[in-house]
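Good morning, colleagues. Please take a moment with the sequence and the coordinates before I go through what was computed from them.

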Amino acid sequence: SRPGVCMGHLLALWALATDQPATFGRLASAYGVYSAVVLAEPPGGGERGLFCTRAVAAGEPLLAVPWQLCLVDEDEPGDDSLESVWEQQSDAAARPARDVRLAAQLLAQLAGDGGDGGGDAAELSRFWREWSAMLPPAAACAHPMTLPDALLEELQHAPLAEAGRRQRRRLLRLVASPP
C-alpha cells in the first residue's frame with residue numbers, strides 16, 4: 001500500500017472518530033461565531049473543508065469570528081514568513097518569524113496563559129483546547145516538513161523536498177534553543 005493512501009485513510013478515521021463537523025458547529029454556536037458554513041468532506045470523498053449550508057448573497061459573510069477568539073500577529077517591516085533576524089543572528093532584540101509567534105500564541109492559549117484577547121482566560125483556553133482537537137495528527141499531515149525522508153524523495157521536486165527538510169531543521173533548532 002502507498003503511504004499517501006494510508007495517510008488519507010488515517011485522516012478519514014481520525015475525522016470520524018473525533019466527530020469534527022459536530023465539534024465545529026458546537027464551538028461556533030457556543031462562542032458566538034456567525035457561520036453559514038459546515039465542516040465536511042465533499043460528496044464522493046476528498047479533503048475536508050468548509051462548505052456553504054445555504055445560498056448566500058454576494059458580499060454576505062460566510063464566517064464571522066469574534067475578535068477575542070482570534071490569534072493575531074501584526075506584520076512588521078522585515079518579517080519573513082520562514083526565517084527571522086532572531087533565527088539568523090540570535091539577536092535577542094529581534095522577533096521570531098510569524099509562524100513561530102502564532103504557534104506560541106496557540107500554545108499559550110492551550111496552557112491557559114493567553115488571556116489578553118479581551119475575554120475570560122479560562123474560557124478562551126477551553127475554546128482553544130476543544131478547537132485544537134480538530135487539528136490532524138502530525139503523522140497524517142502531508143506538509144513536506146512532516147514527511148519522512150523516504151517520502152520526501154518521492155516528491156520528484158528537489159526544491160520542495162529541500163524546503164521541507166530546511167523547515168524541519170529550522171523548527172527543531174528553535175525548539176532546542178529558545179530565545
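The protein exposes about 11,300 Å², and carbon and sulfur atoms supply 61% of that area. Accessible areas here come from the Shrake-Rupley method with a 1.4 Å probe, and for residues only the protein chains shown count as cover. This is a predicted model, in which local features need pLDDT of at least 70 and side-chain atom pairs count only at pLDDT 80 or more, while totals for chains, interfaces and linings use all residues. Residues are numbered from 1 along each chain as its sequence is written, and side-chain values use heavy atoms, with hydrogens and water left out.

Of the 179 residues in the protein, 26% are buried. By buried I mean under 20% relative accessible area, by exposed over 50%, and by partly exposed anything in between, with a 1.4 Å probe and protein chains only.

As to architecture, the protein has 7 helices and 4 strands. Both are DSSP runs numbered from the N terminus: helices are H or I with at least four residues, strands E with at least two. Read from the N terminus, the order of elements is α-α-β-β-β-β-α-α-α-α-α. Taking a contact as heavy atoms within 4.5 Å, 52% of the contacts between residues at least 6 apart in sequence join residues at least 24 apart.

Let me turn to helix α2. Which residues of α2 are buried? They are Q20, T23, F24, L27 and A28. These residues cover an arc of only 130 degrees around the axis, which puts them on the same side of α2; the arc is that of the directions from the helix axis to the C-beta atoms. S29 and A30, on the other side of α2, are exposed. After α2 comes G32, with a positive phi near 70 degrees.

A search of the whole structure finds 7 salt bridges. In one of them, the side chains of R26 and E130 meet at 2.6 Å, N to O. Because R26 lies in helix α2 (residues 20-30) and E130 in helix α5, this pair ties together parts that are 104 residues apart in sequence. Both partners are partly exposed: R26 has a relative accessibility of 42%, and E130 has a relative accessible area of 23%.

Rings of Phe, Tyr and Trp (its six-membered ring) pair if their centres lie within 6.5 Å; planes under 30 degrees apart count as stacked, over 60 as edge-to-face and the rest as tilted. By this rule there are 3 aromatic pairs. F127 and W128 form an edge-to-face pair, 5.1 Å centre to centre with 80 degrees between the planes. The rings of W128 and W131 have centres 5.0 Å apart and planes at 80 degrees, so this pair is edge-to-face. Ring pairs link Y31, F127, W128 and W131 into a cluster.

W128 and W131 both lie in helix α5 (residues 121-132), 3 residues apart, about one turn of the helix. An α-helix has 3.6 residues a turn, so residues three or four places apart point the same way. F127 is buried.

Two further salt bridges deserve mention. E60 pairs with R54, the closest N and O atoms being 2.7 Å apart. E60 is partly exposed at 25% relative accessible area, and R54 is partly exposed at 40%. In helix α7 (residues 158-176), E162 and R165 are 3 residues apart, about one helical turn, and their side chains meet in a salt bridge at 4.0 Å, N to O. Here E162 is partly exposed at 36%, while R165 counts as buried at 17%. A network of salt bridges links D149, E153, E162, R165 and R169.

Finally, where is the nonpolar surface patch of about 350 Å²? It is made by L50, V56, L62, L63 and V65. Patches are made of residues with over 30% relative accessible area and no salt bridge, like charges being joined within 9 Å and nonpolar side chains (Val, Leu, Ile, Met, Phe, Trp, Tyr) within 5 Å. V56, in the loop between β3 (49-52) and β4 (63-64), is partly exposed at 32%.
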